[in-house]
Structure formats: C-alpha cells, structure tokens
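Let's take a friendly walk through a protein model. Keep the sequence and the 3D view side by side as you read.

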Amino acid sequence: MKKARSHRPAIRTLPCGLILTLLLTALSVDLGAQGAAAPESSVSPSVAAPVALTLKRAIELALQNSKDIQVARLQATLADRSAMITKSQFLPNLYAGSGAGFTYGIPETPGGRAPALFSVTYQEEVFNEPLRGQAKERQELARSQRILLEDARNSVISRTAAAYLELVMIRHSLDLLRKEQASADKILEVTQQREKENFELPVEVTRSQLTKARVVQRILQLEGRQDELEVFLRSQTGLAQDTAIEVAPEDLPGEAEQEGANLVAMAMQSNTALLADEADVRAKEFRLIGEKRGYYPTLQFVGVYSLLGKFNNYDQFFKTFQRNNINVGIQVQVPIFSAQTKANIALAEVNLHIAQANLANKKTEVSAAVRQKTRRLRERDAAKEVARLELQLAQQDVAVLQSQLDEGKINLREVERSRLAENEKWMLYLDANFQRQQAQLDLLQTAGQLDKVWQ
C-alpha cells in the first residue's frame, strides 16, 4: 500500500532581518493609533452638571443678577445725584477764569463785570427759602425712588418664586402624564385585543386612541411651558443657558401664613406704592412751604478777586488803577413785589392737592386689594382641600379595584382607567396647591411683607 500524503503545508523560514522589520512596523502603527486616539478623548465634550436650586437660593441669585434691580438701582442713584445739584448751591462754590479782551470806551463785559486777566469767584447761598424748598423736594423724590427700588426687588422675588413653584408643579405633572400615557397604552392594547375577539365595538378603540392622543398633547404643552420657565429662571438667576436646573417641591415659609386681620394695617405701613405716594406728598409740601417763603429776603456770601490789565484803559476812566482787586461780603435781596412768587405758590398748591388725592386713592386701593386677596387666598385654601379629598377618594378607588383585579372579578382595563382618574386628580391637586401659593405671593406683595419672609 502507498502511504497517504500529508496535506499540511510546509513551513518556510523568513530571514531574521525581515522579521525585525515587520515587528518594528507593527509597533509604530500601534503607537500611532494610540497617539491619534489620545487627542480625541481629551476633547470629548463634558456635560455640565445640573444645578440644584432651592427656592431661597433661586431668589438670592435673582436678587444678585436681575437686570430690573440693576436699572432701578441706577435710577435711585440718578435721583440722589439730581438732589445734590440743588443742595450744592448751599455749599461753597469757587470758580476761576478770565475775562481778558479788547475794550474801547468804558471797560466792561456782557456780564457787567470789568474785564480781568484772571479772576476768582466765591458763592454760597445762606438764606434762600424757595431754593431750600426745591432741595428738600428733590431729596424726597430721591427717597421715593429708593422705595421704588424696593418695589423692584419685591417684583423680582414674586416672579422668581412663582416661576420656581410652577416649574415644580409642571415637572410633577409631567411625571404623572407619562404614567397616564403608559396606562392609556395598556387600555388601548386591551381594547384592541377585545375588539379582535368581537367583545368590543370599534368605537371603543377610537375612544381609547383619543384618550392616548389627549395625554400626548398635554405632555407636549407642559414640556413647552417647562422650557419657558427654565429659560426665565436661568435668565433671572444668572445661570448659563445650557445649565440643567433641578428643583424640589417647597412651600412658602411659615411666617407667610400667620398674618390675618393685621395685613391691612401692615400694608398701610409697608406697601411700596403707598410709601412712594407719601414721599411725593411730602415733597410737594416742602415745595409749597419754600414758595410761600419766597417773600422773605435772600442772603448770599460772595467774593471776587480780579487781576486787571492796563491795556483796557482803566486809567482813562478811573482816578486810580489797581491791578489786584478783592471784594468780599454778603448780597441781600428783599422782594417788594414779585408776580412770579405768587404764580409759583399757586402752582405748588395745585401739585400738592393732586399728590394728596393720589395718596387717598392709593390708600383705598391698597386696603381693598388686601381684603380681596385675603378672600382669594381663603378660596384657594378651600379649593386645595377639595382637591386633596378628591385625590384621596381616587386613590381609595384604585385600591378597591386593584383588590378586585387580584380576585379576578374585573379586567386590567378597569384598573388602568381608575389610575387615569387618579392621575387627573393628582394634577388637579398640584394645580390647586400652586394657585394657593400664587395667591399667597400676591397677598404678601400687596401687604409689603414679601421681602421679610426670606430675611
């Protein structure tokens, strides 16, 4: 017999130089691949960590970064600077200058003073009641502007708190709606199966599809509102626009619920709009007092130093020429008849009457608003309690139906429908709670107590 030939290929030996070359080439390729992968991992985008915000922290950041507060602060500073303009006339004012020029005839300038190579003038109002009344008026208006700054702070607190609380409500509602969507899917699946088995009419399938479509529609609506609130909160708190925000359910501080019948009296002392109108009345009173004292004499300290030049021909019109001249003293003016003073008094009286009427109207409005918003808060309390009890009843219904399902007395569709009803009651309760918090914020802002809650 012939021996079977082996089909195993013969192994050929490669030269050592060729083997070394192949190993070096493979090693260089591997190192190059590792080097190319390193920069890719180093530039991988980093996801910013979400920022966990509490209600108090959100308000603190809003007060630090709000553009409305910055504008109101600048307006208050502007009012303070404007008040200093009038007040500065009762402080020393020293000016230096020159009135040198060619003269032909008696040397004088358009202002009535003699031409001088160099001059120094000093002025200070000592007794000028109309001007003092204007200065006090501007100081009260500056105080009114600082009150409006507090009003801007309260508005920022109210808007930020409302947006935060609404975002909490919407995110909770979205969680419930996604559970509703799962229940709607199960109901639709069971209904379609029963329709195939001729246990249900096609109209029941359509009804189940409509229920699911409505849930999807509400999810999209709430997601859009959620995006709006997140953008607003990032803008108010100064966070980057791509920062994720985490919020937690919170209630307003307990102090906000302890005020009752005293809110009207507190509003009369702390309402910013009312305080601003009171400052306006005081400003108009100061102006009227000052204008009525316009018949008093005015007293002013004055001083002038002049360095004169001979080329203005002083020696031709005066007996002697003196290069350095100093005049220091007081200037008194006594009004004998002033039609302008009488007109100023009449105008100041009308402005005061208008300010007093505005203040009286504002007191009535604030008192009525506090009472109205107190009643609204009580109504919201009652609505929240009704929503809570309806939710509790729906939860009990779900528990009963679940036990019946376990016993085989009902099908899964009935349980899922009860869960849909429970989720609806949950959303109604969340909305009622938010409406109560919103009413509470409005009442505190009207009563002037909003900023004290977070102190």
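**Strands, helices and salt bridges**

Strand E3 (residues 118–127) and strand E5 (residues 298–307) run antiparallel and are joined by nine bridges. One of these pairs Phe118 with Leu307 in E5. Strands here are DSSP runs (E, at least two residues), as helices are (H or I, at least four), and both are numbered from the N terminus; two strands pair if DSSP finds at least two bridges between them.

Before going on, note that this is a predicted model, where local features need pLDDT of at least 70, side-chain atom pairs count only at pLDDT 80 or more, and totals for chains, interfaces and linings use all residues. Residues are numbered from 1 along each chain as its sequence is written, and side-chain values use heavy atoms, leaving out hydrogens and water.

E3 and E5 belong to an open sheet of four strands, in the order E2-E3-E5-E6, with antiparallel pairing. Strand E2 (93–97) and strand E6 (324–333) stand at the edges with a single partner strand each, so one side of each has no neighbour in the sheet.

Now turn to the helices. Two packed helices are described by the angle between their axes and the distance between the axes. Axes are lines fitted to C-alpha atoms, for helices over the stretch in contact, and angles run from 0 to 180 degrees between N-to-C directions. The axes of helix H4 (residues 129–196) and helix H7 (residues 272–292) come within 7 Å and cross at roughly 175°. That makes the two helices roughly antiparallel (an angle over 145 degrees). H4 also meets helix H10 (residues 412–447), with axes that come within 9 Å and cross at roughly 170°. H4 is therefore roughly antiparallel to H10 as well.

Which residue forms a salt bridge with Arg153? The partner is Glu150, and the closest N and O atoms are 3.7 Å apart. A salt bridge is a side-chain nitrogen of Lys or Arg within 4 Å of a carboxyl oxygen of Asp or Glu. Arg153 and Glu150 both lie in helix H4, three residues apart, about one turn of the helix.

Another salt bridge links the side chains of Glu223 and Arg178 (3.2 Å, N to O). Glu223 lies in helix H5 (residues 202–237) and Arg178 in helix H4, so the pair ties together parts that are 45 residues apart in sequence.

Within H5, Arg234 and Glu230 are four residues apart and form a salt bridge too. Both are buried (under 20% relative accessible area, with exposed over 50% and partly exposed in between; 1.4 Å probe, protein chains only).

Methods: Parallel < 35°, antiparallel > 145°, perpendicular 65-115°, else oblique.
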